[in-house]
Amino acid sequence: MNKILILLIQYEIISIILTKPIPQLNNIFNRKLFNLNGKWKYIVDLQEVGYYDYRMNISNQTFFLNHKNKTKDELVEYNFDAAPEMEIPSDWNSKNHKLFFYEGTIWFKKSFNYTLNNNKRAILYFGAINYESIVYLNGKYLGKHVGGFTPFNFDITDIIKNDKENFLIIKIDNTRKFENVPSLFFDWWNYGGITRDVFIIETNKIYIQNYNFTLNKKNYSEISFNIILNDNIYNKSLLITISELNINAKFYSNKKGIISGILYPENLILWSPENPKLYTLKLKLEDDEELIDQIGFRSIEVSGNKILLNGNEIFLRGVNIHEEKPNSEGRLNSYEDVKIMLDRVIELGCNFVRLAHYPHNEYMIREAEKKGILIWEEIPVYWTIAFDNIDTLNNAKNQLTELIYRDINRANVIIWSISNETPLSKSRDNFLSKLAIHAKSLDNSRLISMAIMGKYKKGNYNNIFINDNIAEYLDIISFNNYFGWYGKKLLKKPAKINWIIPYNKPVIISEFGAGAKQGYHGDKFTRWTEEFQENVYIQNLKTIEKIPNLVGTVPWILNDFLSPRRMLNIIQDLYNRKGIFSNEGEKKLAFNIIKKFYEKKKEKPLLRKNIRKEFFFCFSLFIIKISLSIFLSSKKIE
Ligand code: GCU
């Protein structure tokens, strides 16, 4: 017994030494890919028998070794070959109805053949796995990843076999735990599994690991760049080509294997929702293939209480979306799904989406970039989190890092959000301020925000206070407010509401809305009817217009979505019904209210500015009239 255990631990240690987790690669889809999507074998392992024995020690029949009976009498109590299959990427909850409510461990196995040339490297890439994944290749431990919504990769060059079948085995556990991010309670379905693409990326020994290109906010004819190679190789040349901008220049790596510099584009067209201009960027490392990317350039900044996109004030006509298939259950994971979602967003009149409450699929980001849709991205620091737990903080930081590394070159991504509706406390402030600083340290070209909750003093519902101890770390003050739905206060006199926001910063209302069962009709005071939801929006928009420094509105939410917190039979049936569309894609009455509001916003994006102009215009008219009448009356006297 112990001999096997010692062997196993030695095995683990050797494989840890052999395989090293490597920094994240970006721009995956344009790299040389071997697709591992498709049919995977899976074994549901409620009591983690595949990992621990009945004495809770590491089992000597750990599933990652993919045991095969050596003799006919040998007892092996699992067999991947005989196991059922699941199409990957997907979540197990919608793929097998027996697993609809399942939270726990499932083992996945994929066998494949691969031939790797000597002068190449092989990088195993996962778009995302929810929640904790322990990855093995050919029985060797590659590493562990926590966090269900961001990519990670391992270098498997030294483990992959050319002459034999390779077997990739992953232990996935989506059990909710207090110290996790998100923690125990969240208002969305805890979809488990390999929810995004799995690829082997083939590269040269020296390859481009990650890069970012940033437009100089103060001078639009300057683009600075940083290109990180996978090794500290000095003086390696790299050709950067953006032919439309007449850029074709060679740069060299420094001792750290970093290539950085400034490009001087000619006649640069800035990316904007009205003109989502993307350029073809080619990066050619010495004796290597070209890495191509579609990239846009724009500047985003805050100026006082305004958001400036390319120096112009912008109003964010937004909507929240969850990463769930538009017309069925399951994690959204395809371009087709993304297109349906974005068509609805555009039909609603939006130029902005808040991807709630976790990083969504890269397909969503890239398709939105092509369609001119601005994006708010968020990590799932949601409601109560273990704010005192350093591992939880490092986990949240890591999710932020992986998100920013993935989307740092996307022109449409303008806001990194570090949390949603977290309860106030000193440790919370400490936790969140560290996250805000971390985000800025990774990317100083975008805006930081988070969704806080409006507060009011008991019995005085007309004064809504929007403030937060860590506001100094935020570029934008964003808050959620459910007037007319949560709490007793129905919105009888919206005009009476006073919004007290003690910051000269831009303000976004990041959530508001109400629930309605599509097709259920009645008077506007009957909860769950479409008329009730419609009325809540009508009343809310009246008071929202009065919010000082308002630069964006983001109704909760585009589609009804699955949530284990929504039990009301016949009405909710496990769906959060605050969608503007039902979970089958049918519009609710509220759709027209928001669409009309956004049409008005398109015409007069910023009330604030017009009022001032109008006021100035009227006032000068008034002065002219007064002085004229004085002049005329003095003439008459003469
Ligand atoms: C919260 C929360 C959402 C939730 C919504 C609701 O504000 O941020 O995740 O789904 O309210 O209650 O519907």
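A residue counts as buried when its relative accessible area is under 20%. Asp429, with a relative accessible area of 12%, is therefore buried. The model discussed here is a predicted one. In this model the side chain of Asp429 forms a salt bridge with that of Arg428, at 2.9 Å from N to O. Arg428 is buried as well, at 1% relative accessibility.

Arg406 and Asp407 make another such pair, their side chains meeting in a salt bridge of 2.8 Å, N to O. Arg406 has a relative accessibility of 6% and counts as buried. Asp407 is buried too, at 0%.

## Other salt bridges

The structure holds 36 salt bridges. One of them joins Lys171 to Glu48, with 2.5 Å between the closest N and O atoms. This pair connects distant parts of the chain: Lys171 sits in strand β9 (residues 166–173), while Glu48 belongs to the loop between β2 (38–44) and β3 (85–88), and 123 residues separate the two. Lys171 has a relative accessibility of 2%, so the residue counts as buried.

Salt bridges also link Asp293, Glu362, Arg366, Glu369 and Arg410 into a network.

## Ligand surroundings

The ligand is surrounded by 14 residues, and the closest are Asp187, His357, Tyr382, Glu421 and Tyr486. Tyr486 places a polar side-chain atom 2.5 Å from an oxygen atom of the ligand. For Glu511, a polar side-chain atom lies 2.7 Å from a ligand oxygen atom. For Arg566, the corresponding distance from a polar side-chain atom to an oxygen atom of the ligand is 3.1 Å. The ligand taken alone exposes 320 Å², of which the protein buries 97%.

## A three-stranded sheet

Strands β11, β12 and β15 form an open sheet in the order β11-β12-β15, with antiparallel pairing. The edges are β11 (208–216) and β15 (258–263), each of which pairs on one side only. On average, neighbouring strands of this sheet are turned by 10° against each other, direction ignored.

Strand β12 (residues 219–229) pairs with β15 in the antiparallel sense over six bridges. Ile227 stands opposite Ile259 in β15. In general, strands of a sheet pair through backbone hydrogen bonds, in either a parallel or an antiparallel way.

## Backbone exceptions

Most peptide bonds are trans, and most residues other than glycine have a negative phi. The residues below depart from one or the other of these patterns.

A cis peptide bond with omega of about 15° joins Asn130 and Tyr131. Tyr131 is in the loop between β5 (120–126) and β6 (132–137). Val181 and Pro182 are also joined by a cis peptide bond, with omega of about 5°.

Asn549 is not a glycine, yet has a positive phi of about 60°. Asn549 is in the loop between α7 (530–544) and β31 (550–553), and a relative accessible area of 13% makes this residue buried. Leu574, likewise not a glycine, has a positive phi of about 70°. The loop that holds Leu574 runs between β32 (561–562) and β33 (575–576), and Leu574 is buried, with a relative accessible area of 18%.

Key. Residues numbered from 1 in each chain as written. Predicted model: local features only at pLDDT ≥ 70, side-chain atom pairs only at ≥ 80, totals over all residues. Heavy atoms only, no water. Pairing = 2+ DSSP bridges. Helix = DSSP H or I, 4+ residues; strand = E, 2+ residues; numbered from the N terminus. Axes fitted to C-alpha atoms, helices over the stretch in contact; angles between N-to-C directions. Salt bridge = Lys/Arg side-chain N within 4 Å of Asp/Glu carboxyl O. Buried < 20%, exposed > 50% of the residue type's maximum accessible area, 1.4 Å probe, protein only. Near = heavy atom within 4 Å. Polar contact = N/O pair within 3.5 Å; in protein donor to acceptor, adjacent residues only side chain to side chain. Areas by Shrake-Rupley, 256 points an atom, 1.4 Å probe, with all protein chains shown as cover.
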